[in-house]
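Please keep the sequence and the model in view while reading the points.

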Amino acid sequence: MSREFRLLAGGEYLQDNLWDDQSLIITTREGPLVLLGCAHSGLISTLERILDLTGASRIFAVIGGTHLKDAGPERLEKTIKALPRFGLRYLVACHCTGFQASSALYQALGNKFIYNETGRAFRFTSE
């Protein structure tokens with residue numbers, strides 16, 4: 001959990017644990033397609049929760065911010081080592097992923113990794 005987020009409560013700044021972090025889960029025949037906001041609660045924690053909620057054994061695709069832009073080498077390595085258990089076909093990362101994390105994710109995932117840019121459209125069909 002990041003310690004950089006704060007909220008003002010009663011005139012005092014407190015750590016914001018971001019319990020309101022949100023993602024959208026779209027059910028497909030190939031498994032959940034997940035649209036992340038910014039994954040402030042952690043990419044792996046978010047994906048684990050999605051498997052718990054859906055009962056799925058794998059996640060088809062993840063699109064959105066991974067909040068890894070300021071992740072140190074140890075956290076990035078742990079994240080990359082944990083990703084295979086989700087059986088992702090695609091990880092489409094954007095905004096808060098950052099260059100170094102994007103490069104490391106591409107090296108680890110190859111063509112399963114796509115860096116998303118403004119204006120890019122994706123079409124997922126049920127066929």
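1. Basis of the note. The model is predicted, so local features need pLDDT of at least 70 and side-chain atom pairs count only at pLDDT 80 or more, whereas totals for chains, interfaces and linings use all residues. Residues are numbered from 1 along each chain as its sequence is written, and side-chain values use heavy atoms, with hydrogens and water left out.

2. Five strands make up an open sheet with mixed pairing, in the order 3-4-5-6-7. Strands (E, at least two residues) and helices (H or I, at least four residues) are DSSP runs, numbered from the N terminus; two strands pair if DSSP finds at least two bridges between them. Strands of a sheet pair through backbone hydrogen bonds, either parallel or antiparallel.

3. The edges. The edge positions belong to strand 3 (23-28) and strand 7 (113-115); each has a single partner strand, so one side of each is left without a neighbour in the sheet. From one strand to the next, the twist averages 15 degrees. Angles run from 0 to 180 degrees between N-to-C directions, and axes are lines fitted to C-alpha atoms, for helices over the stretch in contact.

4. Strands 6 and 7. Three bridges join strand 6 (residues 90-94) to strand 7 in the parallel sense. Within this pairing, V92 has I114 of strand 7 as its bridge partner.

5. Helices on the sheet. Helix 1 (residues 43-54) packs on the sheet and touches strand 3, strand 4 (31-36) and strand 5 (61-65); contact here means heavy atoms within 4.5 Å. The direction of helix 1 makes about 140 degrees with that of strand 4. Helix 3 (residues 99-109) lies across strand 6 and strand 7, and runs at about 150 degrees to strand 7.

6. Salt bridges. How many salt bridges does the structure hold? There are four, where a salt bridge is a side-chain nitrogen of Lys or Arg within 4 Å of a carboxyl oxygen of Asp or Glu. Side chains of opposite charge can pair when their charged atoms come close.

7. The pair E48 and R85. One of the salt bridges joins the side chains of E48 and R85, at 2.2 Å from N to O. E48 belongs to helix 1 and R85 to the loop between helix 2 (73-82) and strand 6, so the pair ties together parts that are 37 residues apart in sequence. E48 is partly exposed at 32% relative accessible area, and R85 is partly exposed at 48%. In these terms, buried means under 20% relative accessible area, exposed over 50%, and partly exposed in between (1.4 Å probe, protein chains only).

8. Two further salt bridges. The side chains of K81 and E77 meet at 3.0 Å, N to O; both residues lie in helix 2, four residues apart, about one turn of the helix. K81 is exposed at 61%, whereas E77 is partly exposed at 44%. The side chains of D70 and K69 also form a salt bridge, at 3.0 Å from N to O. D70 counts as exposed at 56%, while K69 is partly exposed at 47%.

9. Most residues other than glycine have a negative phi, and most peptide bonds are trans. A39 is not a glycine, yet has a positive phi of about 55 degrees. Phi of H67, also a residue other than glycine, is positive and near 50 degrees. A39 sits in the loop between strand 4 and helix 1, and H67 in the loop between strand 5 and helix 2. Are these residues buried or exposed? A39 is buried at 1% relative accessible area, and H67 counts as buried at 15%.

10. Surroundings of A39 and T46. Leaving out residues up to four places away in sequence, A39 touches D21, T46, G65, T66 and H67. A39 and S23 are 16 residues apart in sequence, and their C-alpha atoms are 7.9 Å apart in space. T46 is placed in helix 1 and is buried, with 10% relative accessible area. Beyond its neighbours within four places in sequence, T46 is in contact with D21, S23, L36, A39 and S41.
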